[in-house]
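Hi,

Here is the structure I promised to pass on. Have a look at it first, and then read my notes below.

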Amino acid sequence: VEMDEPADEVIFVWGCGEDGQLGLPSAPVTATKASPDWHVPTPTALRLPAGESVAVSTTETRRRNKPLIAGSRNSAALARSGALYTWGWNSHDTLGLDTDEEFIPEPRKACATSPSRGGKKPSSRDDDFKSFASASLGGWHAVALDDDGTAWAWGGNEYGQGGVRGDARDERHAGVHVSEHVSVPARVAFPAEQKVGTLKQVACGGMNSFALEATTGRVFEWGARAGSEREHARAPVFVSFPNLFNGREKEKVEHLASGMFHVLALTTSGRVFAWGKGDYGQLGVGRPGNWDAPRLVEALGDADVVAVHAGGWHSAALCGSGACFAWGRGEYGRLGMGEDQADKQRPTLVTFPPFTETREMPLSADSLETQEKKNTLPKAIVDVALGGSHSCFLDSGGAVWTVGRNNHGRLGRVVHGKWTGTPGRVVFPPPRGGGEWACESVVAGGRHTLAVARAV
């Protein structure tokens, strides 16, 4: 697919589009009807309305707050203007558009609210909602940060996953199961006694939400409690890391990743903690089972982890060396272990054939440069995206590698069979002006994938 005019950053989408989650005008999806099994098997360019483009991804934002967001059956994009565009499945008003349409086949700008008016549309007051800085999509809810580090939520709230005040919910649906849902963004109601300051990250699980405070590294959770049968948290509660930071007074959490029912936390010293459901080994603690409090992933040792990622039922850790470890559910080869589909209870190195022996060793900058000149090794991995049953790896040269289940075109490449555990490169259409596309960020949804690329 060619773009009419060159652009700094171009959004590419591929995979399942039956609910409108690809945002393409060619999708045979209406406001009330999905198009079962409709998909796009190769990267296809997507335009945002009004000529909007997404923000440039630096290393920090690539790992922490990506400009594209993929949910199980929907998607979103953060524009340079600070607007948030959403599209796809809109059950429970997941997309924050204040509409009764169940499917949104093309990107639309999410509504904004005023913090002083609890869910009403904004007025001209100075304290009205600011532009969006980051966002996350959950099972059927969403949470975002504005440019002041304040959290906003919308969509389903039946478990308290929205964390908003009772007067912010949409009373039009009173008396039905979704009566607690919030139609447009409303401020997350942190209890005053918590004295929460600026937030740096939010993350959504299936039926819960998490936030990370910027200066202190405190973690908060609300909604269905991860790995626990305790009563749902209708407002944010502090997540305690008991006895885990002893002797490490300066250590704090700096990055979160939430899967469908589990959570990962990365600290400033590179240690990884996990909690939630672990029935497939997605916690990485050596055995299956649930944990309702953070537990150290000891197998990563001194692996120099710089980012963590969580999919539906699997997890990954990216190292400063460019190596990547994966663990959890192995079905359909989503862990990138070749023919091995076994669940992994501990982090296991992802290998890129035919370079297995080389990649098991830490990579220095000098060795990478030498190997790149010889063309004997994919460049270091700099970003990871985990979907429902597939995984994506972005290397430092801008190439995307995919593994996992192959139906609905979610891998974006030709694969013979229903799945592959061998990473293979996604081929993008050539830019109109020549050259090739170098991807800057990639995200994976339930059955679809999105990437931001620049022509080089």
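Predicted model: local features only at pLDDT ≥ 70, side-chain atom pairs only at ≥ 80, totals over all residues.

**A pair of strands to start with**

How many residues of β23 are buried? Six of its six, so to speak: strand β23, residues 381–386, is mostly covered.

**Another place to look**

There is also an open sheet of four strands, in the order β7-β8-β9-β10, with antiparallel pairing. Its edge strands are β7 (132–137) and β10 (182–187), each of which pairs on one side only. From one strand to the next, the twist averages 20 degrees. Within this sheet, β8 (residues 141–146) and β9 (residues 151–155) are antiparallel and are joined by five bridges. Leu145, for example, has Ala151 in β9 as its bridge partner.

**The chain as a whole**

Zooming out, the protein chain has 28 strands and three helices. It is 456 residues in length, and 59% of them count as buried. Taking contacts between residues at least 6 apart in sequence, 53% join residues at least 24 apart. The accessible surface of the chain is about 18,400 Å², and carbon and sulfur atoms account for 49% of that.

Happy browsing!

Conventions. Residues numbered from 1 in each chain as written. Heavy atoms only, no water. Pairing = 2+ DSSP bridges. Helix = DSSP H or I, 4+ residues; strand = E, 2+ residues; numbered from the N terminus. Axes fitted to C-alpha atoms, helices over the stretch in contact; angles between N-to-C directions. Buried < 20%, exposed > 50% of the residue type's maximum accessible area, 1.4 Å probe, protein only. Contact = heavy atoms within 4.5 Å. Areas by Shrake-Rupley, 256 points an atom, 1.4 Å probe, with all protein chains shown as cover.
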